[in-house]
Amino acid sequence: MTRALTDHSTTAATEDDTPPAVRLDHVHKSFGRPGATQPVLDDITLDVRPGEFVCLLGASGCGKSTLLNLVAGLDRPTSGTIEVPGGRPALMFQEHALFPWLTAGRNVELALRLRGVPRQERRPEAERLLELVRLGGAYGKRVHELSGGMRQRVALARALAQDSKLLLMDEPFAALDAITRDVLHHELTRIWSEARLSVLFVTHNVREAVRLGQRVVLLSSRPGRVAREWAVGIPQPRRIEDAAVADLSVEITEELRGEIRRHGQH
Amino acid sequence: MASTDTSTQTPAAGPGQGGDLAGLEAGLDALDSVRVERTPFTQVLLQKVLPPVLAVVLVLVVWKVLVLAHVTPDYKLPDPSAVWDSLRDLWLRGTLFDIIWTSVSRGLLGFLAALAIGTPLGLLVARVRFVRAALGPLLSGLQSLPSVAWVPAAVIWLGITDSAMYAVILLGAVPSIANGLVSGIDQVPPLYLRAGRTLGATGARGAWHVLLPAALPGYIAGLKQGWAFSWRSLMAAELIASSPDLGLGLGQYLENARTDSDMPSVLLGIILILFVGIAIDLIVFSPLERRVLRNRGLAPAGR
């Protein structure tokens with residue numbers, strides 16, 4: 001194991017009998033031509049347990065997005081294995097990635113259709129999912145008529161429409177203002193606990209990671225390695241301004257700064 | 001503080017928090033939503049209809065002034081009323097719509113054929129690398145070749161027939177339509193394709209549900225240009241390859257007027273050709289384009 005475990009950490013993931021939601025085993029990923037390859041991810045070993053909320057944290061160049069692409073099956077690792085026992089995971093991007101030629105409801109229905117849901121069940125199911133993200137009245141709205149936060153909620157509803165137990169999130173709230181982000185943190189934790197999802201959430205925002213995650217995994221940069229991880233024992237519901245969230249954030253930020261500083265030295 | 005205990009997860013909607021946040025959320029949604037409003041009718045009239053009408057009136061006034069000033073003899077620049085008389089004459093003889101319809105039906109039929117050929121061709125060029133390398137430059141080159149250059153070849157191959165007309169239309173319009181689709185597909189944001197793939201839209205389903213709808217604005221721009229090319233090519237073909245057997249279209253009407261040195265009818269012919277080109281664009285393509293763009297929030301409402 002390459003993890004540097006701290007007193008906050010847990011190794012429970014490897015002791016559990018139930019299959020993990022994701023298992024990354026010694027995953028390497030390099031880009032570039034043979035002979036001149038650039039390692040992006042180096043020996044990543046990581047499990048996400050069913051129902052677990054894991055935040056991947058790192059500075060730029062740590063290969064966070066590459067890692068999510070690998071788990072989503074959009075790219076293949078150079079070596080190592082990735083197991084996703086539950087099948088194709090749902091993926092949410094920093095940009096909402098909703099299709100502008102469809103209404104909010106139709107975007108959700110397209111995901112249902114591609115999953116094979118029969119025609120007559122799609123509309124009520126899409127409405128239920130929009131209701132779940134508190135956008136009951138937005139079925140017929142065009143994407144450009146929605147605010148940034150509403151678009152991300154529709155994108156979440158569309159991701160949930162895939163009915164995958166694993167949700168991958170690639171800095172989905174990075175482009176939102178603080179108050180909207182706070183509201184969406186709340187919605188996400190609510191839906192996560194109701195739907196018993198496993199979430200792998202990539203962010204560069206330490207506070208966000210601590211606010212959301214049960215476990216925070218810090219990646220080093222160039223190449224991305226698991227530098228350290230923390231189990232976050234602060235009970236939900238948390239608020240981003242909670243003192244406990246702030247304290248752990250300070251500790252993790254210090255560690256992240258150390259990681260970044262190392263790159264300036266050579 | 002951080003601890004190793006992760007078992008005390010409770011549902012997130014804690015006391016006093018859910019209600020607060022729901023209210024906050026409703027407020028944010030209301031504040032941030034983009035309101036789509038329609039422009040009032042009188043404003044459309046003032047901003048959209050009035051300026052072009054004024055421009056036409058201005059052209060007529062300048063024309064009339066030039067005629068009154070006798071800058072050039074009558075047979076070169078007739079009075080606007082003489083053109084009006086030519087139009088009335090066609091109307092009274094009952095041939096006006098026959099002439100227009102002969103050309104318009106040819107143009108539309110040729111355009112539809114160009115659509116049926118250009119669309120699969122564009123898809124092939126956009127998606128198959130070898131086809132793109134082979135045909136891409138040729139298609140772009142053909143677009144800049146004036147299709148009137150094809151008329152002599154078409155006449156030798158096919159004689160002065162309807163087939164020659166359609167051949168010239170196709171050679172003019174197919175490259176535009178195909179190129180429009182290619183650039184439409186090239187401009188599809190990669191994010192949509194990634195999002196489509198994570199949703200399971202791959203292969204033919206990906207093309208149908210994601211790629212083609214995403215490429216639609218570029219495709220429609222290509223169709224618009226394709227129509228303009230069809231119409232221009234047809235007029236060129238009708239002018240050059242006119243024969244009594246083919247029925248009287250606008251091009252032939254114009255050519256006959258030239259032979260008779262009937263300047264009012266020549267001007268009328270030009271005006272009618274222009275009118276048909278603009279009318280088809282206004283009736284068919286502009287509403288289509290506007291609808292597609294407005295649905296995507298790419299054009300201001302009320303335009």
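This is a predicted model: local features need pLDDT of at least 70, side-chain atom pairs count only at pLDDT 80 or more; totals for chains, interfaces and linings use all residues.
View 1. Chain A splits into domain 1, covering 2-89 + 166-264, and domain 2, covering 96-163. Their C-alpha centres sit 26 Å apart. Where the two meet, eleven residues of domain 1 of chain A are in contact with nine residues of domain 2 of chain A. Helix 6 (residues 178-195) of chain A supplies the largest share of the domain 1 side, with six residues. By class, that domain 1 side holds nine nonpolar residues, one polar and one charged.

**View 2. The six-stranded sheet of chain A.** What order do the strands take in this open sheet? Reading across chain A, it goes 5-6-7-3-8-9, and the pairing is mixed. Strand 5 (90-92) and strand 9 (226-231) of chain A are the edge strands, each pairing on one side only. On average, neighbouring strands are turned by 15° against each other, direction ignored. Zoom in on strand 6 (residues 166-170) and strand 7 (residues 198-203) of chain A, and you'll find a parallel pair joined by five bridges.

**View 3. A helix laid over the six-stranded sheet.** Helix 2 (residues 64-72) of chain A lies across strand 3 (53-57), strand 5, strand 6, strand 7 and strand 8 (215-219) of chain A. Relative to strand 6 of chain A, helix 2 runs at about 150°.

**View 4. The three-stranded sheet of chain A.** This is another open sheet, with strand order 2-1-4 in chain A and antiparallel pairing. Strand 2 (38-48) and strand 4 (79-83) of chain A have a single partner strand each, so one side of each is left without a neighbour in the sheet. From one strand to the next, the twist averages 20°. Strand 1 (residues 22-31) of chain A pairs with strand 4 of chain A over four bridges, in the antiparallel sense. Within this view, A:R23 stands opposite A:E83 in strand 4 of chain A.

**View 5. A helix pair in chain B.** Now over to chain B, where the axes of helix 7 (residues 162-186) and helix 9 (residues 203-240) come within 7 Å. How are the two helices of chain B oriented to each other? Their axes cross at roughly 160°, and helix 7 and helix 9 of chain B are therefore roughly antiparallel. The crossing of this chain B pair is right-handed. As for who's in the contact between helix 7 and helix 9 of chain B, the tally is 18 nonpolar, twelve polar and two charged residues.

Conventions
Residues are numbered from 1 along each chain as its sequence is written. Chains are lettered from A and ligands numbered from 1 in the order in which they are written. Axes are lines fitted to C-alpha atoms, for helices over the stretch in contact, and angles run from 0 to 180 degrees between N-to-C directions. Angles under 35 degrees count as roughly parallel, over 145 as roughly antiparallel, 65 to 115 as roughly perpendicular and the rest as oblique. A crossing is left-handed if the near helix is turned anticlockwise from the far one by less than a right angle, and right-handed if clockwise. Ala, Val, Leu, Ile, Met, Phe, Trp, Tyr, Cys and Pro count as nonpolar, Asp, Glu, Lys and Arg as charged, and the others, Gly among them, as polar. Two strands pair if DSSP finds at least two bridges between them. Two residues are in contact if their C-beta atoms, placed from the backbone, lie within 7 Å. Domain bounds come from an automatic or database domain assignment.
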